[in-house]
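Please read them alongside the sequence and the coordinates.

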Amino acid sequence: MPITVKNEFFDRDLSWLSFNERVLEEASRADVPLLERINFLSIYSSNLDEFYRVRMPVLLALEKLSKKEKNNVSIADDLLGNANQAIRNQQQEYGKTLRETIIPQLLDNKIHFIYGVDIPEELCKEVRRYFLSQVLAFLQPVNLADAKASFFPNNNELYFLINLIEDGLTKTIILNIPSNNLPRFYKIEKGDETFIVFLDDIIRNNFDVLFNDAEITGCFSFKITRTAEIDLKDEYAGNLAEQIEKQLQKRDFGLATRFLHQPGVPEVTMEFIKDKLNLQKANTVEGGRYHNLKDLSSFPVKDKNLSNPSWTKINYPDVVKEKSLYEEILQKDMLINPPYQSYDSVLRFFNEAATDKQVEEIYVTLYRVASDSKIVNALISAAKNGKKVAVLVELKARFDEANNIKWAKKMKEAGVDIIYSVTALKVHAKIALVKRAVDNRKVYTGLFATGNFNETTANFYTDHILMTAHQGMLREMELLFMFLAKRVKPTDPDLIKFKYLLVAQFNLQQSFLRLIDREILNASVGNDAAILIKLNNLEEKVLISKLYQASQAGVKIELIIRGICRLIPGVKGMSENIKVVRIVDRYLEHGRVFVFHNQGDEEIYLGSADWMNRNIYRRIEVCFPIFDEKIKEEIKSILKLQLLDNIKAVEINDKMINIPVVTKHKPTQSQYRIYELLKEKYNA
């Protein structure tokens with residue numbers, strides 16, 4: 001039997017590109033402040049780079065496999081072609097938005113963004129001064145025809161391809177654009193006018209310094225995107241995963257998946273550089289004059305009139321001079337909702353634990369660590385204060401490996417016990433446990449979170465953090481930490497009997513299936529039945545199939561899915577009772593929430609787990625129940641506002657296309673309404 005790669009693979013990639021399309025839409029909206037629209041252009045570009053690093057290598061391998069009958073693989077659809085067409089369409093819209101909307105509106109505000117034109121003569125002297133004093137030291141031209149020259153273009157770094165004639169000889173030169181060493185944009189202010197110049201153009205404008213005796217016959221910017229490390233077992237099963245892996249292993253380390261270049265490169269030069277740089281297997285993409293427009297995130301203009309109005313962080317809980325945070329947690333569970341609410345209380349949790357004489361032990365999982373982490377510094381202080389501190393650091397957090405290694409070394413030097421996750425099993429759970437000795441007994445407090453313990457990302461990721469002294473949940477957390485310290489894979493899901501927590505590799509998937517089955521049973525006997533789930537990504541087939549079954553039984557299902565969604569809503573006989581919405585606004589929606597009606601006695605879980613293959617089958621994830629009724633009501637109020645959103649939300653229809661939300665109720669922007677709700681509740 002041939003292995004068939006069905007539309008589900010295309011759907012995943014197209015769904016991801018659909019999310020990025022929704023990001024791009026924010027850049028063209030008149031109701032979004034101008035500088036925020038520029039930031040959305042940056043986010044779109046960054047996302048697309050990640051797609052080429054993570055998804056494109058697999059699409060290229062699948063295409064090659066499908067052309068070889070002996071591989072016994074057939075492709076149901078032109079996955080690569082569809083993805084490339086979607087990207088081309090989006091790139092055209094990107095350029096149109098930037099040229100026809102963003103740049104003219106900047107000019108209306110006396111901001112001259114020098115884009116695709118010569119640097120004005122009035123700026124050339126100052127630009128020359130900057131070039132000679134700051135830029136020139138970083139430039140490293142390489143003659144590709146020189147046999148002694150060694151050149152390997154780094155991932156997503158910027159270069160010029162220059163054709164020139166020098167001493168009667170034709171040469172092809174590669175010149176770096178040092179945007180990793182210098183700001184991508186140079187700002188010049190003249191009176192009330194501001195001029196923004198690309199670093200690329202500053203270098204172009206001063207080629208005569210580098211090549212003073214040469215005639216330049218062509219100059220073209222380019223960059224090369226290389227594959228990131230991919231664990232294919234996260235996404236493909238059995239023989240197919242093995243065949244794709246073999247394809248990727250045949251290629252050089254850091255496979256080039258995209259050669260993005262400025263238009264107009266002569267054919268002979270194109271063939272020469274492909275041969276020299278081993279780019280024959282890369283996707284060759286004709287782009288614009290400038291690449292890496294993710295650098296627009298550092299656009300050097302700050303103007304509150306062109307930005308989102310600032311929202312003052314809500315402080316909760318308030319600092320009470322006579323009472324520690326520990327004492328407050330003992331009295332009641334507390335839910336923190338960053339970035340609406342300040343992250344200070346989370347930092348305070350770790351800081352108090354580091355200095356409290358009653359604290360004996362601290363346990364934490366760290367997946368993505370802030371570059372200047374106050375949390376890690378608190379853990380280091382705790383270890384130096386004589387406390388036992390154990391930290392599970394995930395070294396396989398994609399794109400954060402180096403930063404996590406750096407902090408792990410610093411903690412180890414300070415006496416922190418560092419635990420690394422077992423090979424091929426990431427620890428994605430967001431949990432922290434503090435053990436105190438109080439009156440000859442152990443008292444536990446802890447944190448359960450939907451997002452990383454990272455004070456930087458907490459400024460723009462919406463998450464939920466539960467502070468609790470629920471001893472049953474925390475003792476189960478302790479058992480999980482004890483298991484993780486052994487650095488072995490779970491061999492028996494019943495190895496730890498979890499009563500409260502849902503833990504991937506143990507009981508998470510089974511528990512969610514059971515909770516859905518209960519709603520199906522309630523619907524089958526005529527009772528109200530409903531499920532509301534919020535995720536970043538939804539792709540795991542067993543759970544999707546169970547949701548289809550629930551829809552067919554009459555269960556009302558509402559899904560808030562930010563990114564990948566492989567479930568197709570609104571199909572008669574399969575999913576007509578399922579509604580899917582996607583929200584893109586000033587903050588990145590990141591929390592995972594699960595609400596099961598249970599005949600009016602709702603069960604609510606929060607957690608770290610998306611419903612993806614990797615989360616369900618290849619990670620340690622923790623979802624946790626909410627017992628406090630006031631917190632339950634707060635979560636439901638937040639979700640209700642998101643389902644009412646008709647400004648920043650779109651629905652996903654049965655064709656998997658983003659469509660506007662059409663409702664009769666008043667305009668509702670959920671993130672703003674959530675902020676107002678929490679501000680009123682906590683008297684900020």
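1. In this predicted model, a right-handed β-α-β unit is made by strand β22, helix α16, which spans residues 541-552, and strand β23.

2. Strand β22 covers residues 530-535 and is mostly covered, with five of its six residues buried.

3. The two strands of the unit, β22 and β23 (residues 556-561), run parallel and are joined by six bridges; within this pairing, K534 has I560 of β23 as its bridge partner.

4. Strand β22 also pairs with strand β26, which comprises residues 592-596, here in the antiparallel sense and over four bridges. For a residue-level check of this second pairing, one may look at I533, whose bridge partner in β26 is F594.

5. Turning to the nonpolar cores, the largest has 52 residues, and the members that touch the most others in it are F350, L379 and M411. Helix α12, residues 374-384, gives the most to this core, contributing seven residues.

6. The surroundings of F350 deserve a look in the viewer: leaving aside residues up to four places away in sequence, F350 touches V364, I375, A378, L379, A432 and L447. Apart from the core that holds F350 lies another core, of 45 residues, which includes L41, A86, F198 and L306.

Key
Residues are numbered from 1 along each chain as its sequence is written. This is a predicted model: local features need pLDDT of at least 70, side-chain atom pairs count only at pLDDT 80 or more; totals for chains, interfaces and linings use all residues. Side-chain values use heavy atoms; hydrogens and water are left out. A nonpolar core is a set of buried Ala, Val, Leu, Ile, Met, Phe, Trp, Tyr and Cys residues joined through side-chain atoms within 4.5 Å. Buried means under 20% relative accessible area, exposed over 50%, partly exposed in between (1.4 Å probe, protein chains only). Contact means heavy atoms within 4.5 Å. Two strands pair if DSSP finds at least two bridges between them. A crossover is right-handed if, with the strands pointing away from the viewer, the path from the first strand over the helix to the second runs clockwise.
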